[in-house]
Amino acid sequence: MSAQTIGDLFGFDDILDADEREIRDTVRRFGDERLRPHVGEWFENAHLPVRELASELGELGLFGMHLTGYGCAGMSATTYGLACQELEAVDSGLRSFVSVQGSLAMFAIHAFGSDEQKDEWLPKMSAGQAIGCFGLTEADYGSNPGGMRTNAKHDGDDWVLNGSKMWITNGSVADVAVIWARTDLDEGARGIRGFVVPTDTPGFSAPEIKRKLSLRASVTSELVLEDVRLPASAMLPGVTGLKGPLSCLNEARFGIVFGSLGAARDCLETAISYAADREVFDKPLSAYQLTQAKLADMALELGKGQLLAVHLGRIKDRGEIRPEQISTGKLNNVRESIQIARECRTILGANGITLEYPIIRHINNLESVLTYEGTSEMHQLTVGKALTGRDAFR
Ligand SMILES: Cc1cc2nc3c(=O)[nH]c(=O)nc-3n(C[C@H](O)[C@H](O)[C@H](O)COP(=O)(O)OP(=O)(O)OC[C@H]3O[C@@H](n4cnc5c(N)ncnc54)[C@H](O)[C@@H]3O)c2cc1C
(Lines give C-alpha, C1' and ligand atoms only; values in the text may rest on other atoms or scores of the structure.)
Protein backbone atom coordinates (compact mmCIF):
# COMPACT_ATOMS: atom_id res chain seq x y z
CA MET A 1 0.00 0.00 0.00
CA SER A 2 1.38 3.43 -0.88
CA ALA A 3 1.89 5.91 1.94
CA GLN A 4 -0.34 8.98 2.38
CA THR A 5 0.73 12.45 3.45
CA ILE A 6 -0.50 13.78 6.79
CA GLY A 7 -2.65 16.27 4.87
CA ASP A 8 -4.27 13.45 2.87
CA LEU A 9 -4.98 11.46 6.02
CA PHE A 10 -7.00 14.32 7.50
CA GLY A 11 -8.36 15.71 4.25
CA PHE A 12 -7.04 19.16 5.21
CA ASP A 13 -7.61 20.47 1.70
CA ASP A 14 -11.35 19.87 2.11
CA ILE A 15 -11.64 22.48 4.84
CA LEU A 16 -9.91 25.20 2.82
CA ASP A 17 -11.21 27.08 -0.20
CA ALA A 18 -9.33 27.34 -3.50
CA ASP A 19 -7.78 30.76 -2.69
CA GLU A 20 -6.58 29.58 0.69
CA ARG A 21 -4.99 26.50 -0.84
CA GLU A 22 -3.32 28.54 -3.56
CA ILE A 23 -1.75 31.02 -1.14
CA ARG A 24 -0.67 28.24 1.18
CA ASP A 25 1.00 26.45 -1.73
CA THR A 26 2.69 29.65 -2.95
CA VAL A 27 4.20 30.32 0.48
CA ARG A 28 5.20 26.66 0.80
CA ARG A 29 7.03 26.81 -2.55
CA PHE A 30 8.77 30.05 -1.57
CA GLY A 31 9.79 28.45 1.73
CA ASP A 32 11.09 25.28 0.10
CA GLU A 33 12.95 26.99 -2.73
CA ARG A 34 14.19 30.25 -1.24
CA LEU A 35 14.43 29.70 2.53
CA ARG A 36 14.87 26.03 3.35
CA PRO A 37 18.21 25.57 1.56
CA HIS A 38 19.81 28.30 3.74
CA VAL A 39 17.98 28.15 7.04
CA GLY A 40 20.29 25.65 8.76
CA GLU A 41 23.24 27.93 8.03
CA TRP A 42 21.34 31.07 9.17
CA PHE A 43 20.50 29.29 12.42
CA GLU A 44 24.02 27.96 12.94
CA ASN A 45 25.65 31.34 12.25
CA ALA A 46 22.88 33.28 14.05
CA HIS A 47 22.66 35.53 11.06
CA LEU A 48 19.54 36.31 9.03
CA PRO A 49 19.88 38.43 5.85
CA VAL A 50 17.07 40.61 7.12
CA ARG A 51 16.96 43.41 4.53
CA GLU A 52 17.14 41.05 1.57
CA LEU A 53 14.40 38.83 2.98
CA ALA A 54 12.25 41.81 3.98
CA SER A 55 11.85 42.96 0.40
CA GLU A 56 11.14 39.43 -0.85
CA LEU A 57 8.56 38.78 1.88
CA GLY A 58 7.08 42.22 1.19
CA GLU A 59 6.81 41.46 -2.53
CA LEU A 60 4.95 38.25 -1.70
CA GLY A 61 2.47 40.34 0.32
CA LEU A 62 3.21 38.63 3.63
CA PHE A 63 3.66 41.72 5.82
CA GLY A 64 0.37 42.80 7.37
CA MET A 65 -1.36 40.47 4.91
CA HIS A 66 -4.59 40.43 6.96
CA LEU A 67 -4.73 44.25 7.10
CA THR A 68 -6.39 46.45 4.50
CA GLY A 69 -5.13 49.52 2.61
CA TYR A 70 -1.59 50.97 2.60
CA GLY A 71 -0.35 48.24 0.24
CA CYS A 72 -1.47 45.42 2.58
CA ALA A 73 -2.91 42.30 0.96
CA GLY A 74 -6.28 42.39 2.79
CA MET A 75 -6.47 38.59 3.13
CA SER A 76 -8.57 36.65 5.62
CA ALA A 77 -7.20 35.74 9.03
CA THR A 78 -7.31 32.06 8.05
CA THR A 79 -5.16 32.72 4.99
CA TYR A 80 -2.71 34.69 7.12
CA GLY A 81 -2.56 31.75 9.53
CA LEU A 82 -1.82 29.32 6.71
CA ALA A 83 1.02 31.55 5.49
CA CYS A 84 2.43 31.62 9.05
CA GLN A 85 2.28 27.84 9.09
CA GLU A 86 4.28 27.49 5.90
CA LEU A 87 6.93 29.95 7.10
CA GLU A 88 7.24 28.18 10.44
CA ALA A 89 7.55 24.83 8.66
CA VAL A 90 10.90 26.29 7.58
CA ASP A 91 11.82 28.02 10.84
CA SER A 92 10.01 29.77 13.70
CA GLY A 93 12.44 32.68 13.30
CA LEU A 94 11.06 33.47 9.85
CA ARG A 95 7.48 33.34 11.09
CA SER A 96 8.51 35.55 14.02
CA PHE A 97 9.87 38.12 11.58
CA VAL A 98 6.54 38.26 9.73
CA SER A 99 4.45 38.14 12.94
CA VAL A 100 6.29 41.01 14.59
CA GLN A 101 6.28 43.16 11.49
CA GLY A 102 2.64 42.56 10.55
CA SER A 103 0.72 41.59 13.66
CA LEU A 104 2.57 43.66 16.25
CA ALA A 105 4.24 46.75 14.73
CA MET A 106 1.99 47.30 11.69
CA PHE A 107 -1.20 46.25 13.48
CA ALA A 108 -0.51 48.75 16.30
CA ILE A 109 -0.12 51.60 13.82
CA HIS A 110 -3.02 50.41 11.65
CA ALA A 111 -5.43 50.02 14.58
CA PHE A 112 -4.40 52.92 16.81
CA GLY A 113 -2.26 55.31 14.71
CA SER A 114 -3.08 58.74 13.31
CA ASP A 115 -3.55 59.16 9.55
CA GLU A 116 -0.08 60.72 9.37
CA GLN A 117 1.52 57.77 11.20
CA LYS A 118 -0.28 55.29 8.93
CA ASP A 119 0.67 57.17 5.76
CA GLU A 120 4.27 57.49 6.82
CA TRP A 121 4.98 53.93 7.92
CA LEU A 122 2.48 51.35 6.64
CA PRO A 123 3.23 51.48 2.88
CA LYS A 124 6.97 51.10 3.52
CA MET A 125 6.41 48.34 6.06
CA SER A 126 4.02 46.32 3.89
CA ALA A 127 6.56 46.50 1.05
CA GLY A 128 9.37 45.39 3.37
CA GLN A 129 11.25 48.64 2.86
CA ALA A 130 10.97 49.52 6.53
CA ILE A 131 11.24 47.08 9.42
CA GLY A 132 9.31 47.45 12.65
CA CYS A 133 9.65 46.11 16.18
CA PHE A 134 7.34 46.09 19.19
CA GLY A 135 8.71 46.99 22.60
CA LEU A 136 6.51 45.84 25.46
CA THR A 137 8.52 43.39 27.62
CA GLU A 138 11.07 44.66 30.13
CA ALA A 139 13.73 42.65 31.96
CA ASP A 140 11.62 42.62 35.15
CA TYR A 141 8.17 42.72 33.55
CA GLY A 142 7.45 39.95 31.06
CA SER A 143 4.26 38.13 32.00
CA ASN A 144 3.11 41.22 33.91
CA PRO A 145 3.75 44.08 31.46
CA GLY A 146 1.45 46.38 33.44
CA GLY A 147 4.32 46.86 35.90
CA MET A 148 6.59 48.37 33.24
CA ARG A 149 9.00 51.14 34.24
CA THR A 150 9.64 52.76 30.85
CA ASN A 151 8.08 56.19 31.04
CA ALA A 152 7.13 59.11 28.83
CA LYS A 153 7.08 62.62 30.30
CA HIS A 154 5.75 65.82 28.82
CA ASP A 155 8.33 68.53 28.15
CA GLY A 156 6.63 71.49 26.45
CA ASP A 157 4.86 69.97 23.45
CA ASP A 158 7.30 67.06 23.32
CA TRP A 159 7.41 63.66 24.96
CA VAL A 160 10.67 62.43 26.51
CA LEU A 161 11.03 58.65 26.85
CA ASN A 162 13.33 56.84 29.28
CA GLY A 163 13.67 53.17 30.10
CA SER A 164 14.58 49.88 28.49
CA LYS A 165 12.89 46.93 26.83
CA MET A 166 14.15 43.36 26.66
CA TRP A 167 13.80 40.40 24.27
CA ILE A 168 12.60 42.51 21.38
CA THR A 169 12.40 40.72 18.02
CA ASN A 170 13.90 42.72 15.12
CA GLY A 171 15.05 45.43 17.57
CA SER A 172 18.58 45.98 16.18
CA VAL A 173 17.44 45.96 12.55
CA ALA A 174 14.27 48.01 12.93
CA ASP A 175 13.63 51.40 11.33
CA VAL A 176 10.71 52.05 13.63
CA ALA A 177 9.84 50.84 17.11
CA VAL A 178 6.39 50.82 18.67
CA ILE A 179 7.21 51.50 22.33
CA TRP A 180 4.76 51.14 25.21
CA ALA A 181 5.45 53.46 28.13
CA ARG A 182 3.77 54.81 31.24
CA THR A 183 2.76 58.43 30.92
CA ASP A 184 1.73 58.84 34.53
CA LEU A 185 3.23 56.72 37.31
CA ASP A 186 0.23 57.37 39.58
CA GLU A 187 -2.22 56.03 37.02
CA GLY A 188 -0.48 52.63 36.81
CA ALA A 189 -1.30 50.50 33.77
CA ARG A 190 -4.18 52.82 32.82
CA GLY A 191 -1.62 55.44 31.80
CA ILE A 192 0.24 53.18 29.35
CA ARG A 193 0.44 54.67 25.85
CA GLY A 194 2.08 53.62 22.61
CA PHE A 195 4.69 55.72 20.77
CA VAL A 196 5.97 55.43 17.21
CA VAL A 197 9.71 55.90 17.54
CA PRO A 198 12.01 56.17 14.50
CA THR A 199 15.08 54.22 15.58
CA ASP A 200 17.47 56.96 14.43
CA THR A 201 16.08 59.29 17.11
CA PRO A 202 18.96 60.44 19.40
CA GLY A 203 19.02 58.47 22.66
CA PHE A 204 17.61 55.25 21.11
CA SER A 205 19.91 52.21 20.87
CA ALA A 206 19.27 48.50 20.36
CA PRO A 207 22.11 46.15 21.29
CA GLU A 208 21.55 42.62 19.99
CA ILE A 209 21.17 39.77 22.49
CA LYS A 210 23.80 37.13 21.71
CA ARG A 211 24.39 33.51 22.76
CA LYS A 212 20.76 32.42 22.21
CA LEU A 213 20.29 28.71 21.54
CA SER A 214 16.74 29.26 20.29
CA LEU A 215 15.43 31.39 17.42
CA ARG A 216 18.94 31.90 16.15
CA ALA A 217 17.58 32.78 12.70
CA SER A 218 15.87 35.79 14.25
CA VAL A 219 17.25 39.03 15.65
CA THR A 220 16.47 39.60 19.36
CA SER A 221 17.53 42.80 21.10
CA GLU A 222 17.43 45.04 24.11
CA LEU A 223 16.05 48.53 23.48
CA VAL A 224 17.55 51.39 25.46
CA LEU A 225 15.78 54.75 25.60
CA GLU A 226 17.78 57.60 27.10
CA ASP A 227 16.00 60.95 26.91
CA VAL A 228 14.43 60.07 23.57
CA ARG A 229 12.66 63.28 22.58
CA LEU A 230 9.62 62.92 20.35
CA PRO A 231 7.02 65.36 19.05
CA ALA A 232 3.46 65.16 20.43
CA SER A 233 2.43 63.52 17.15
CA ALA A 234 4.52 60.40 17.97
CA MET A 235 1.91 59.07 20.41
CA LEU A 236 -0.58 56.50 19.10
CA PRO A 237 -3.82 58.45 19.58
CA GLY A 238 -6.26 55.53 19.37
CA VAL A 239 -5.72 53.58 22.58
CA THR A 240 -4.97 53.99 26.28
CA GLY A 241 -3.86 51.36 28.79
CA LEU A 242 -2.78 47.74 28.44
CA LYS A 243 -5.59 46.84 26.04
CA GLY A 244 -3.48 48.47 23.29
CA PRO A 245 -0.50 46.09 23.44
CA LEU A 246 -2.68 43.14 24.48
CA SER A 247 -4.87 43.44 21.39
CA CYS A 248 -1.73 43.43 19.21
CA LEU A 249 -0.50 40.33 21.03
CA ASN A 250 -3.79 38.59 20.28
CA GLU A 251 -3.14 39.15 16.58
CA ALA A 252 0.34 37.65 16.78
CA ARG A 253 -0.80 34.76 18.98
CA PHE A 254 -3.39 33.87 16.39
CA GLY A 255 -0.58 33.43 13.83
CA ILE A 256 1.23 31.14 16.28
CA VAL A 257 -1.85 28.90 16.63
CA PHE A 258 -1.26 27.98 12.98
CA GLY A 259 2.48 28.58 12.80
CA SER A 260 3.65 26.22 15.52
CA LEU A 261 1.97 23.32 13.71
CA GLY A 262 4.16 24.06 10.69
CA ALA A 263 7.27 23.30 12.76
CA ALA A 264 5.61 20.12 14.09
CA ARG A 265 4.61 19.03 10.57
CA ASP A 266 8.14 19.48 9.30
CA CYS A 267 9.43 17.31 12.16
CA LEU A 268 6.83 14.62 11.54
CA GLU A 269 7.47 14.52 7.79
CA THR A 270 11.18 14.26 8.48
CA ALA A 271 10.63 11.43 10.97
CA ILE A 272 8.34 9.49 8.61
CA SER A 273 10.84 9.71 5.78
CA TYR A 274 13.78 8.86 8.05
CA ALA A 275 11.96 5.85 9.51
CA ALA A 276 11.30 4.54 5.99
CA ASP A 277 15.01 4.66 5.08
CA ARG A 278 16.62 3.69 8.35
CA GLU A 279 17.16 -0.06 8.86
CA VAL A 280 17.35 -1.41 12.40
CA PHE A 281 17.49 -5.09 13.23
CA ASP A 282 17.32 -5.87 9.49
CA LYS A 283 14.17 -4.00 8.51
CA PRO A 284 13.01 -0.39 8.14
CA LEU A 285 12.27 1.44 11.39
CA SER A 286 8.87 2.39 9.95
CA ALA A 287 7.84 -1.27 9.86
CA TYR A 288 7.91 -1.62 13.67
CA GLN A 289 4.72 -1.27 15.66
CA LEU A 290 6.33 0.97 18.28
CA THR A 291 7.37 3.43 15.57
CA GLN A 292 3.96 3.35 13.95
CA ALA A 293 2.26 3.97 17.30
CA LYS A 294 4.42 7.07 17.78
CA LEU A 295 3.73 8.31 14.25
CA ALA A 296 -0.01 7.70 14.54
CA ASP A 297 -0.28 9.51 17.88
CA MET A 298 1.69 12.47 16.58
CA ALA A 299 -0.39 12.68 13.41
CA LEU A 300 -3.55 12.71 15.54
CA GLU A 301 -2.34 15.64 17.63
CA LEU A 302 -1.19 17.51 14.55
CA GLY A 303 -4.53 16.92 12.85
CA LYS A 304 -6.57 17.96 15.88
CA GLY A 305 -4.43 21.10 16.21
CA GLN A 306 -4.99 21.94 12.57
CA LEU A 307 -8.76 21.55 12.87
CA LEU A 308 -8.69 23.83 15.92
CA ALA A 309 -6.59 26.40 14.06
CA VAL A 310 -8.92 26.54 11.06
CA HIS A 311 -11.96 26.60 13.34
CA LEU A 312 -10.52 29.61 15.22
CA GLY A 313 -9.62 31.19 11.88
CA ARG A 314 -13.25 30.97 10.75
CA ILE A 315 -14.43 32.56 14.02
CA LYS A 316 -11.84 35.33 13.64
CA ASP A 317 -12.90 35.93 10.05
CA ARG A 318 -16.45 36.47 11.30
CA GLY A 319 -15.04 39.08 13.70
CA GLU A 320 -16.21 37.11 16.73
CA ILE A 321 -13.08 35.64 18.27
CA ARG A 322 -12.46 36.18 21.99
CA PRO A 323 -9.02 36.36 23.66
CA GLU A 324 -9.59 33.18 25.68
CA GLN A 325 -10.26 31.28 22.45
CA ILE A 326 -6.92 32.43 21.03
CA SER A 327 -5.29 31.40 24.33
CA THR A 328 -6.85 27.94 23.96
CA GLY A 329 -5.34 27.59 20.49
CA LYS A 330 -1.91 28.91 21.42
CA LEU A 331 -1.70 26.79 24.57
CA ASN A 332 -2.72 23.57 22.85
CA ASN A 333 -0.94 23.94 19.55
CA VAL A 334 2.44 25.10 20.84
CA ARG A 335 2.45 22.54 23.64
CA GLU A 336 1.54 19.70 21.28
CA SER A 337 3.99 20.92 18.63
CA ILE A 338 6.95 20.80 20.99
CA GLN A 339 5.89 17.33 22.17
CA ILE A 340 5.69 16.15 18.57
CA ALA A 341 9.09 17.65 17.81
CA ARG A 342 10.66 15.90 20.81
CA GLU A 343 9.07 12.55 19.94
CA CYS A 344 10.25 12.87 16.33
CA ARG A 345 13.76 13.45 17.62
CA THR A 346 13.70 10.02 19.27
CA ILE A 347 12.94 8.42 15.91
CA LEU A 348 16.08 9.94 14.42
CA GLY A 349 18.22 8.72 17.30
CA ALA A 350 21.60 10.45 17.35
CA ASN A 351 20.97 11.99 13.95
CA GLY A 352 18.13 13.90 15.59
CA ILE A 353 20.54 16.13 17.47
CA THR A 354 22.43 17.58 14.51
CA LEU A 355 21.64 20.46 12.20
CA GLU A 356 21.75 18.01 9.28
CA TYR A 357 18.06 17.52 10.06
CA PRO A 358 15.62 20.27 11.08
CA ILE A 359 14.27 18.65 14.24
CA ILE A 360 16.60 19.90 16.97
CA ARG A 361 16.38 23.39 15.46
CA HIS A 362 12.56 23.27 15.62
CA ILE A 363 12.66 21.95 19.21
CA ASN A 364 14.95 24.76 20.31
CA ASN A 365 12.86 27.36 18.49
CA LEU A 366 9.62 26.08 19.99
CA GLU A 367 11.06 26.67 23.47
CA SER A 368 10.83 30.41 22.70
CA VAL A 369 7.43 30.06 21.09
CA LEU A 370 6.19 28.37 24.28
CA THR A 371 7.33 31.45 26.23
CA TYR A 372 6.69 34.48 24.05
CA GLU A 373 3.29 35.98 23.24
CA GLY A 374 2.20 34.81 26.67
CA THR A 375 3.75 31.78 28.37
CA SER A 376 1.81 28.50 28.51
CA GLU A 377 1.07 29.25 32.15
CA MET A 378 -0.44 32.65 31.29
CA HIS A 379 -2.72 30.96 28.74
CA GLN A 380 -3.68 28.29 31.29
CA LEU A 381 -4.64 31.12 33.66
CA THR A 382 -6.64 32.83 30.91
CA VAL A 383 -8.53 29.63 30.10
CA GLY A 384 -8.90 28.88 33.82
CA LYS A 385 -10.39 32.32 34.40
CA ALA A 386 -12.82 31.82 31.53
CA LEU A 387 -13.96 28.48 32.97
CA THR A 388 -14.25 29.52 36.61
CA GLY A 389 -14.85 33.24 36.49
CA ARG A 390 -11.94 33.67 38.93
CA ASP A 391 -8.77 35.61 38.22
CA ALA A 392 -5.78 33.59 39.51
CA PHE A 393 -3.03 35.77 37.97
CA ARG A 394 -2.19 37.29 41.38
C1 LIG B 1 13.03 35.00 21.36
C2 LIG B 1 12.08 35.92 22.04
C3 LIG B 1 11.53 36.98 21.34
C4 LIG B 1 10.67 37.89 21.98
N5 LIG B 1 10.16 38.96 21.28
C6 LIG B 1 9.45 39.93 21.95
C7 LIG B 1 9.05 41.12 21.28
O8 LIG B 1 9.26 41.29 20.05
N9 LIG B 1 8.43 42.10 21.99
C10 LIG B 1 8.18 41.96 23.34
O11 LIG B 1 7.62 42.90 23.93
N12 LIG B 1 8.53 40.83 24.00
C13 LIG B 1 9.17 39.82 23.35
N14 LIG B 1 9.57 38.66 24.01
C15 LIG B 1 9.35 38.57 25.46
C16 LIG B 1 8.30 37.56 25.87
O17 LIG B 1 7.02 38.02 25.55
C18 LIG B 1 8.49 37.30 27.39
O19 LIG B 1 9.69 36.57 27.52
C20 LIG B 1 7.32 36.55 27.99
O21 LIG B 1 6.19 37.39 28.12
C22 LIG B 1 7.64 35.98 29.39
O23 LIG B 1 8.22 36.94 30.21
P24 LIG B 1 9.55 36.60 31.02
O25 LIG B 1 10.54 36.01 30.09
O26 LIG B 1 9.93 37.83 31.78
O27 LIG B 1 9.12 35.46 32.03
P28 LIG B 1 8.43 35.68 33.46
O29 LIG B 1 7.26 36.56 33.34
O30 LIG B 1 9.48 36.02 34.47
O31 LIG B 1 7.91 34.20 33.75
C32 LIG B 1 8.79 33.16 34.25
C33 LIG B 1 7.92 31.96 34.58
O34 LIG B 1 6.98 32.31 35.59
C35 LIG B 1 5.67 31.98 35.17
N36 LIG B 1 4.70 32.91 35.77
C37 LIG B 1 4.67 34.26 35.65
N38 LIG B 1 3.61 34.75 36.30
C39 LIG B 1 2.95 33.69 36.85
C40 LIG B 1 1.76 33.52 37.63
N41 LIG B 1 1.01 34.57 37.95
N42 LIG B 1 1.43 32.28 38.00
C43 LIG B 1 2.16 31.21 37.65
N44 LIG B 1 3.28 31.28 36.90
C45 LIG B 1 3.67 32.50 36.50
C46 LIG B 1 5.72 32.10 33.66
O47 LIG B 1 4.66 31.42 33.03
C48 LIG B 1 7.09 31.49 33.38
O49 LIG B 1 6.98 30.10 33.38
C50 LIG B 1 10.36 37.71 23.36
C51 LIG B 1 10.90 36.60 24.05
C52 LIG B 1 11.73 35.71 23.41
C53 LIG B 1 12.29 34.55 24.17
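Hi everyone. Let me start with a term: I call a residue buried if 20 or more other C-beta atoms lie within 10 Å of its own. By that rule, 48% of the 394 residues of the protein chain are buried. Please keep in mind that this is a predicted model.

Now the overall picture. The protein chain has 11 helices and 9 strands. Its radius of gyration is 21 Å, close to the 21 Å from the globule rule for 394 residues, so the chain is as compact as a globular protein of that length. If you like dimensions, the C-alpha trace spans about 80 × 45 × 40 Å along its principal axes.

On to the domains. The assignment gives domain 1 at 6–126, domain 2 at 132–234 and domain 3 at 243–388. Between domain 2 and domain 3, the C-alpha centres lie 30 Å apart. Their contact takes 10 residues from domain 2 and 9 residues from domain 3. On the domain 2 side, that surface has 7 nonpolar, 3 polar and no charged residues.

So where is the ligand? Domain 2 and domain 3 both give residues to the shell around the ligand, so it lies between them. There are 19 residues around the ligand, and Leu 136, Gly 142, Ser 143, Thr 375 and Glu 377 come nearest. By class, the shell divides into 9 nonpolar, 9 polar and 1 charged.

Which elements supply at least two shell residues each? Those are strand 1 (132–135), strand 3 (158–169), helix 10 (359–371) and helix 11 (376–388). Strand 3 gives the most, with 3 residues.

Key: Residues numbered from 1 in each chain as written. Predicted model: local features only at pLDDT ≥ 70, side-chain atom pairs only at ≥ 80, totals over all residues. Helix = DSSP H or I, 4+ residues; strand = E, 2+ residues; numbered from the N terminus. Rg over C-alpha atoms; globule rule 2.2 N^0.38 Å. Buried ≥ 20, exposed ≤ 12 C-beta atoms within 10 Å, placed from the backbone. Domains from an automatic or database assignment. Contact = placed C-beta atoms within 7 Å. Nonpolar A, V, L, I, M, F, W, Y, C, P; charged D, E, K, R; others polar. Near = placed C-beta within 6 Å.
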